[in-house]
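User: Let's go through this model one question at a time, starting with the terms we need.

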Amino acid sequence: MRQAQERGLDRSGEFWTVKGRDTLIIRDRRHAPLPLRKAAMIAPSEYRLAIATALKEAVSMSREELLIQTARLFGFDRTGPDLKMAIEHEADAMLAIGSIALNDDRLTILRN
């Protein structure tokens with residue numbers, strides 16, 4: 001792991017990223033093989049990008065609307081319990097660091 005970090009890679013859970021490089025795209029998994037369609041196969045940074053994108057497009061939305069729209073950005077027609085939990089977890093993390101806000105049961109983007 002130290003060699004990877006010396007080569008400019010960061011680890012977040014099971015995911016590796018290049019230091020200083022943001023996730024640039026939200027990958028549509030509609031036609032991906034079933035193992036790649038699992039919620040656990042989506043990196044936290046990709047969840048955050050999808051949440052931010054959904055909120056930018058809608059200006060504000062309820063938590064339920066955010067779950068649905070974020071799932072749609074990934075190409076999913078429904079939100080199973082694992083996907084719902086992963087989206088909620090990342091939305092809560094974004095609330096905690098102040099990149100999104102909750103006002104009157106509506107979520108809005110503050111910064112990306």
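Analyst: Gladly! Contact means heavy atoms within 4.5 Å. This is a predicted model, in which local features need pLDDT of at least 70 and side-chain atom pairs count only at pLDDT 80 or more, while totals for chains, interfaces and linings use all residues. Residues are numbered from 1 along each chain as its sequence is written, and side-chain values use heavy atoms, with hydrogens and water left out.

User: What percentage of the chain's residues count as buried?
Analyst: Buried means under 20% relative accessible area and exposed over 50%, with partly exposed in between (1.4 Å probe, protein chains only). The chain has 112 residues, and the buried share is 30%.

User: On to helix α4: how far apart are its end C-alpha atoms?
Analyst: The expected span of a helix is 1.5 Å times one less than its number of residues. Helix α4 covers residues 81–97, so its 17 residues should span 24 Å. The computed distance between the end C-alpha atoms agrees, at 24 Å.

User: Within what arc do the buried residues of α4 fall?
Analyst: The buried residues of α4 are L83, A86, I87, E90, A91 and M94. They line one face of the helix, because, seen down the axis (directions from the axis to the C-beta atoms), they fall within an arc of 130°.

User: Which residues are exposed on the other side of α4, and what covers the buried ones?
Analyst: P81, D82, M85, H89 and A96 are exposed on the other side of α4. Cover for the buried residues of α4 includes α2 (44–58), α3 (63–73) and β4 (100–103).

User: Which residues line the largest cavity?
Analyst: On a 1 Å grid over the protein atoms alone, a cavity is a set of points where a 1.4 Å probe fits but cannot get out, and lining residues have an atom within 4 Å of a point. Points are joined across faces, edges and corners, and a volume is the space filled by probe spheres set on them. There is one cavity of 30 Å³ or more, and α3 and α4 each supply at least two residues of the lining of the largest cavity. The lining is R63, L66, L67, I87, E88, A91 and L107.

User: What phi does V59 take in the loop between α2 and β3?
Analyst: Most residues other than glycine have a negative phi. V59 lies in the loop between α2 and β3 (60–61) and counts as exposed, because its relative accessibility is 59%. Although V59 is not a glycine, its phi is positive, at about 75°.

User: And what is the phi of D104?
Analyst: D104 is found in the loop between β4 and β5 (106–109), and its relative accessibility of 75% is why it counts as exposed. D104 too has a positive phi in a residue other than glycine, near 50°.

User: How far apart in space are I25 and E46, C-alpha to C-alpha?
Analyst: I25 lies in the loop between β2 (15–18) and α2, and I25 is exposed, with a relative accessible area of 54%. Beyond its neighbours within four places in sequence, I25 is in contact with E46 and L49. I25 and E46 are 21 residues apart in sequence, and in space their separation is 7.5 Å.

Notes: Helix = DSSP H or I, 4+ residues; strand = E, 2+ residues; numbered from the N terminus. 1 Å grid on protein atoms, 1.4 Å probe; cavity = no way out; pocket = protein on both sides within 12 Å on 5 of 7 lines; lining within 4 Å.
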